[in-house]
Amino acid sequence: MPLRTADSLFALGRLDDAVLLYEAALAEGQMATDPVLLKLAYAAERNNDPARVLFYLQIFFDRHPNESVLRKMNEVARSNGLIGYETDDLNYFYLFYKQYGIYLLLFLLGLGIYVFVILVLKMARKEFSPARHKWVVLLYLITLLLFVNLPEGYRSGITSRDRVYLRQQPSAAAPVSEVIGRGHKVNILGSEDIWLRIFWNDRLYYVRKDQVWLI
């Protein structure tokens, strides 16, 4: 019901009232549908809030990766001096993986299983197989396993405060190496208590969890 009311308010142009209802529903655990994400991004753009625009578009992009959304995020980020949304090789690789990764993985997995079965049959028939062939297959399967699990370990976030302190250690007493603003995208490599370990400008730092919106 709140989402329907929010949709009606949005259609009437009462964007702020609609956003309050949308966000209240999401806070209660309701799943944001694709139209809701796009409406929230639109309202945030009308309210000149680039951090929220990028947050909602990033969630939408993770569900439906396409180049137009990637370029829109880059445009918003560039015009507001925000980092992490560049249309570089890494982001295009991520786009390619999200779009076609499942087909690539299935092909590689099928190829690996085929070669593995051939080796097993040769062993069963007591046919000679060079040891290097077995090692190559083993390394191939290990690499494939790591490749499959890599996206699950990758996570990103968007800074949600005007002043986010990047610390060298997960402690409030640790020295502050840098202070960054709201709306930057960071890569998250792990967590420890109330701290996130992030990768920023080719270095590792720690930030408080409550200062980052998790994607």
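**Reading the fold**

Modeller: Among contacts in the protein chain between residues at least 6 apart in sequence, 52% join residues at least 24 apart; contact means heavy atoms within 4.5 Å. The model is predicted, so local features need pLDDT of at least 70 and side-chain atom pairs count only at pLDDT 80 or more, while totals for chains, interfaces and linings use all residues. Residues are numbered from 1 along each chain as its sequence is written, and side-chain values use heavy atoms, with hydrogens and water left out.

Biologist: What pattern does the protein chain follow along the sequence?

Modeller: Helices (H or I, at least four residues) and strands (E, at least two) are DSSP runs, numbered from the N terminus. The protein chain has 7 helices and 7 strands, and its pattern reads α-α-α-α-α-α-α-β-β-β-β-β-β-β.

Biologist: How is the packing of two helices described?

Modeller: One gives the angle between their axes and the distance between the axes. Axes are lines fitted to C-alpha atoms, for helices over the stretch in contact, and angles run from 0 to 180 degrees between N-to-C directions. Here helix H1 (residues 2-11) packs against helix H2 (residues 15-27) at an angle of about 160°, the axes being 8 Å apart. That makes H1 roughly antiparallel to H2 (angles over 145 degrees).

Biologist: Which residues of H1 and H2 make the contact?

Modeller: H1 contributes Pro2, Leu3, Thr5, Ala6, Asp7, Leu9 and Phe10, and H2 contributes Leu15, Asp17, Ala18, Leu21, Tyr22 and Ala25. These residues divide into 10 nonpolar, 1 polar and 2 charged. In this scheme Ala, Val, Leu, Ile, Met, Phe, Trp, Tyr, Cys and Pro count as nonpolar, Asp, Glu, Lys and Arg as charged, and the others, Gly among them, as polar.

Biologist: How much of the protein chain counts as buried?

Modeller: Buried means under 20% relative accessible area, exposed over 50%, and partly exposed in between (1.4 Å probe, protein chains only). Of the 215 residues, 34% count as buried. The chain exposes about 13,300 Å², of which carbon and sulfur atoms supply 60%; these areas come from the Shrake-Rupley method with a 1.4 Å probe, and for residues only the protein chains shown count as cover.

Biologist: Where does Asn48 lie, and what is its phi?

Modeller: Asn48 is in the loop between helix H3 (34-46) and helix H4 (50-63). Its phi is near 55°, a positive value in a residue other than glycine. At 63% relative accessibility, Asn48 counts as exposed.

Biologist: Is Asp202 buried or exposed?

Modeller: Asp202 is exposed, with a relative accessible area of 67%. This residue lies in the loop between strand S5 (195-200) and strand S6 (203-208), and has a positive phi of about 65° although it is not a glycine.

Notes
Parallel < 35°, antiparallel > 145°, perpendicular 65-115°, else oblique.
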